[in-house]
Amino acid sequence: MSEGEQAKPRRRRNRRRRRRPVAPATPEATVENSTVHPRVTRRRGERLRTVHETSAGGLVVNGIDRPRAEQVAALIGRLDRRGRMLWSLPKGHIEVGETAEQTAIREVAEETGIQGRVLAALGKIDYWFVTDGRRVHKTVHHYLMRFHGGQLCDDDVEVAEVAWVPIAELRSRLAYADERRLADVADRLLDALHSDGQAALPPLPPSAPRRRPQTHSHARSHRPDNRTPRRKSGRGPSP
């Protein structure tokens, strides 16, 4: 083989390139115990502002003096970003001058169209989320309520559907684990009410009127499609 015919050395393919060292994250750029929303952008070293919000709502039971099989509760349904219907208890922000009980009555009326009377506290739920560049700590007070009147409807723009749901189906219908635990508390209170009367219910915890306005974040009540048709009556058995 002549010198011109000798094969030229081949270049090595897929040669590994040296990776640049990654600088370790600085403590200032990390927020403990929080999840940053992917749409939230912030500069290195900038901390998210923390705000606190307080809401109240209730589980309204119709037929509360009837046998358990005839009792129904009012739930609201909202669509998530995937278009799934998520059922939950009606609730909303406590406004200036309102107690938690007054807010629960008002929010139930606004979101379901029905009136309720507070009987006992079910408990409170608190959680954290990030929205609009803020870390929000939300606390929600829930109450067991007796149906007092009105007609179930979903005129509230943030509610996709409303429904009367049998008490026995609450756990399978509620989308959030914390509210399913409140349904268990409601079961025990309803048993005590049926067997020993209203005197068996625990007294309501003290609640003072709110003095300052809140941020009113709507991150948890987002409706992805404003064109969703609204129904004048919810699904489920009529009271």
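Contact, in this account, means heavy atoms within 4.5 Å. Helices (H or I, at least four residues) and strands (E, at least two) are DSSP runs, numbered from the N terminus. The structure is a predicted model, in which local features need pLDDT of at least 70 and side-chain atom pairs count only at pLDDT 80 or more, whereas totals for chains, interfaces and linings use all residues. Residues are numbered from 1 along each chain as its sequence is written, and side-chain values use heavy atoms, with hydrogens and water left out.

Buried residues (under 20% relative accessible area, with exposed meaning over 50% and partly exposed in between, for a 1.4 Å probe and protein chains only) in α3 are Glu 179, Leu 182, Ala 183, Ala 186, Leu 189, Leu 190 and Leu 193. Seen down the helix axis, these buried residues fall within an arc of 130°, so they line one face of α3; the arc is that of the directions from the axis to the C-beta atoms. Their cover includes β1 (49-62), β3 (85-88), β4 (91-93), β5, β6 and α2 (170-173). On the face turned away from the buried side, α3 carries the exposed residues Arg 188, Ser 195 and Asp 196.

Lys 91 belongs to strand β4 and is buried, with a relative accessible area of 17%.

Two of the covering strands, β5 (residues 114-131) and β6 (residues 134-150), run antiparallel and are joined by 16 bridges; strands pair if DSSP finds at least two bridges between them. Ile 114 has Gly 150 of β6 as its bridge partner.

A nonpolar core is a set of buried Ala, Val, Leu, Ile, Met, Phe, Trp, Tyr and Cys residues joined through side-chain atoms within 4.5 Å. The largest has 24 residues, of which Leu 59, Leu 75, Leu 122, Leu 144 and Leu 170 touch the most other members. Helix α3 supplies the largest share of this core, six residues.
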